[in-house]
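Take a walk through this protein, one feature at a time. Keep the sequence and the model side by side as you read.

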Amino acid sequence: MADITGTRDKYINGHSDVVGGIVITDNAEIHAQMAFHQNAVGDPGPQDAFLTLRGAKTLAIRMREHVKNAQAVAEWLDRRDDVSDVYYPGLKATAVELAQRRCTFGGVLSFAQRGADRALASRAARRFQPRRLARGVESLICIRP
């Protein structure tokens, strides 16, 4: 299986005014496809670069808040009877100690509802209403196929 890693520019930029990302792969076929698309579509322009660099100035502050909020949500989910698993490295003591020496956890987490099916997961996702304290703040919920 190819190692493919991706990220959205939202973490780096922070303002929802740049679309970008990264794909890293060890698969030659995927690399060739991505190189073709990069050549066909082009690299980001100067304005996108400016906007990304502007947002990068506040990345450290925003990441601290991402981690703090994700930790709080993960702990809340972990206490719920209707949640079977929470996937966030900040919950396990050994993982926390190791990760604190090597990296930050980030703001992404995953969980499984106990006895959930697609219909229940879809209802939960539709009912999700994050608090919005600033313009341009978005949350993303994905239900795996």
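Start with Glu65, which is partly exposed, with a relative accessible area of 36%. The model you are looking at is a predicted one. Glu65 has a partner. It forms a salt bridge with Lys68. Their closest N and O atoms lie 3.2 Å apart. Why can these two residues meet? Both sit in helix 4, which covers residues 59-78, and they are 3 residues apart, so about one helical turn separates them. Side chains of opposite charge can pair when their charged atoms come close.

How many salt bridges are there by this rule? The count comes to 2. The other pair to look up is Asp82 and Arg80. Their side chains meet with 2.9 Å from N to O.

Now step back to the whole chain. The protein has 145 residues, and 15% of them count as buried. It contains 6 helices and 4 strands. Read from the N terminus, the order of elements is β-α-β-α-α-α-β-α-β-α.

Next comes empty space. Rolling a probe the size of a water molecule over the atoms shows where such space is left. The second largest pocket holds about 610 Å³. It is lined by 22 residues. Those closest to its centre are Gly21, Met34, Gln38, Asp43 and Pro44.

Which elements supply at least two residues each to this lining? They are strand 2 (21-25), helix 2 (28-41) and helix 3 (46-56). Helix 2 gives the largest share, with 6 residues. What classes of residue make up the lining of the second largest pocket? It has 10 nonpolar, 9 polar and 3 charged residues.

Where does Ile143 sit? Find it in the segment after helix 6, which spans 118-127. Ile143 is partly exposed, with a relative accessible area of 32%. A patch residue needs over 30% relative accessible area, so Ile143 at 32% clears that cut-off.

Terms used: Residues are numbered from 1 along each chain as its sequence is written. This is a predicted model: local features need pLDDT of at least 70, side-chain atom pairs count only at pLDDT 80 or more; totals for chains, interfaces and linings use all residues. Side-chain values use heavy atoms; hydrogens and water are left out. On a 1 Å grid over the protein atoms alone, a cavity is a set of points where a 1.4 Å probe fits but cannot get out, and a pocket is an open set with protein on both sides within 12 Å along at least five of seven lines; lining residues have an atom within 4 Å of a point. Grid points are joined across faces, edges and corners, and a volume is the space filled by probe spheres set on the points. Ala, Val, Leu, Ile, Met, Phe, Trp, Tyr, Cys and Pro count as nonpolar, Asp, Glu, Lys and Arg as charged, and the others, Gly among them, as polar. Buried means under 20% relative accessible area, exposed over 50%, partly exposed in between (1.4 Å probe, protein chains only). A salt bridge is a side-chain nitrogen of Lys or Arg within 4 Å of a carboxyl oxygen of Asp or Glu.
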